[in-house]
Amino acid sequence: MASLRLDGRTVVITGAGQGQGTAEARLLVEAGARVIATDLAADLPEELAALPSSASHSLVYRQLDVGDESGWSTLAAWIRSEGWQVDGLVNNAGITQRSRLLEVSLADLQRVYETNVAGSLLGIQALAPLMRSGASIVNVGSVAGLTAHYPVAYTTSKWALRGLSRVAAMELGPRGIRVNTVHPGFIETPMTASAKPAFRQATLGETPLGRTGSVEEVSGVVLFLLSPLSSFVTGAEIPVDGGQSAHGGAKAVSDALR
Ligand SMILES: NC(=O)c1ccc[n+]([C@@H]2O[C@H](COP(=O)([O-])OP(=O)(O)OC[C@H]3O[C@@H](n4cnc5c(N)ncnc54)[C@H](O)[C@@H]3O)[C@@H](O)[C@H]2O)c1
């Protein structure tokens, strides 16, 4: 019977040094996977080092800047030299940039795209050759990629990532490789800790569940998409946002008429 277990599977996670990436690493190890956790830092990030020691035997850390093509080649060559295949890739690394429409610069746009879009494309290009039928790729989008969220570089990058995900699902489907996207809403991480209080308050007002989300609530959906339980799901997009993207602006009307 299909299950959420990932025993014997190797999963690469980008941006695993904090926030959602660390939570994903933890849950996937608990599910039995060998996790290759990657991030910008040369040494094992503190949050990963703080995971229970039971996790340490099945978690390895490698430095990787997702925008660096040669870094991906080095990672792929190392995985091959270990004799492993890749069963899962979580393109989690992402940066935000909060300039608005009339202020954003080309340099802002390029910097965000390099990580949020090119980083995921390079990951798929480098690791798909190491994947066999049954492998699963999860791209981490955002509620910004489902709406007209004001930080324009970030928003357009996440819309672009949706396009990349759908092309990848189409192109890799015949090889039995699935590609899906999760769209987190406001999740408590170091990224959102830097947001203005007004941003938090306004988002809560737009969120039917009336609260922010936790990193564990994103990880659970990522695990489902990596596991055999989702074996016929590809090209799909799952918001993990407390309902924020579902009402299309109608919540304020509903609230006003209560
Ligand atoms: N937190 C939220 O509310 C939220 C909402 C929607 C989408 N997301 C998305 O979820 C993902 C994770 O976000 P988070 O909140 O955990 O962010 P975070 O800022 O807490 O962590 C991101 C991690 O990515 C790493 N990173 C950044 N640039 C990198 C690069 N070029 N190469 C490799 N690693 C890099 C950082 O070092 C960091 O460890 C991102 O793609 C983000 O856009 C987050």
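1. In this predicted model, helix 5 passes helix 6 in a right-handed crossing.

2. Sorted by class, the contact of helix 5 with helix 6 has 13 nonpolar, 4 polar and 2 charged residues.

3. Helix 5 also packs against helix 4 (residues 69-81), where the axes come within 9 Å and cross at roughly 30°, which makes helix 4 roughly parallel to helix 5. The crossing of helix 4 and helix 5 is right-handed. On the helix 4 side the contact is made by Glu-69, Trp-72, Ala-76 and Ile-79, and on the helix 5 side by Gly-119, Leu-122, Gly-123, Ala-126 and Leu-127; by class, the residues of this contact divide into 6 nonpolar, 2 polar and 1 charged.

4. Leu-106 has its place in helix 5, and with a relative accessible area of 58% Leu-106 is exposed. The C-alpha atoms of Leu-106 and Thr-189 are separated by 27 Å, the two residues being 83 residues apart along the chain.

5. Turning to another pair, helix 1 (residues 19-30) and helix 9 (residues 215-226) pack at an angle of about 55°, with their axes 9 Å apart, and that angle makes helix 1 oblique to helix 9. Helix 1 passes helix 9 in a right-handed crossing. Gly-19, Gln-20, Ala-23, Glu-24, Leu-27 and Leu-28 of helix 1 make the contact with Val-215, Val-218, Ser-219, Gly-220, Val-222, Leu-223 and Leu-226 of helix 9, and the residues of this contact divide into 8 nonpolar, 4 polar and 1 charged.

6. Gln-20, found in helix 1, counts as buried at 15% relative accessibility, because buried means under 20% relative accessible area. Leaving aside neighbours within four places in sequence, Gln-20 is in contact with Asn-92, Val-140, Pro-184, Ile-187, Thr-189, Val-215, Val-218 and Ser-219. Gln-20 and Ala-148, in turn, are 128 residues apart in sequence and 23 Å apart in space, C-alpha to C-alpha.

7. The largest nonpolar core has 30 residues, of which Ile-13, Leu-28, Val-35, Leu-59, Val-182 and Leu-226 touch the most other members. At least two residues of this core are supplied by each of strand 1 (10-13), helix 1, strand 2 (34-39), strand 3 (59-63), strand 5 (136-140) and helix 9, and the largest share, 7 residues, comes from helix 9.

8. Val-35 touches Val-11, Ile-13, Ala-25, Leu-28, Val-29, Ser-58, Leu-59 and Val-60, when residues up to four places away in sequence are not counted.

Methods. Residues numbered from 1 in each chain as written. Predicted model: local features only at pLDDT ≥ 70, side-chain atom pairs only at ≥ 80, totals over all residues. Heavy atoms only, no water. Axes fitted to C-alpha atoms, helices over the stretch in contact; angles between N-to-C directions. Helix = DSSP H or I, 4+ residues; strand = E, 2+ residues; numbered from the N terminus. Parallel < 35°, antiparallel > 145°, perpendicular 65-115°, else oblique. Left-handed = near helix turned anticlockwise from the far one by under 90°. Contact = heavy atoms within 4.5 Å. Nonpolar A, V, L, I, M, F, W, Y, C, P; charged D, E, K, R; others polar. Core = buried A, V, L, I, M, F, W, Y, C linked by side-chain atoms within 4.5 Å. Buried < 20%, exposed > 50% of the residue type's maximum accessible area, 1.4 Å probe, protein only.
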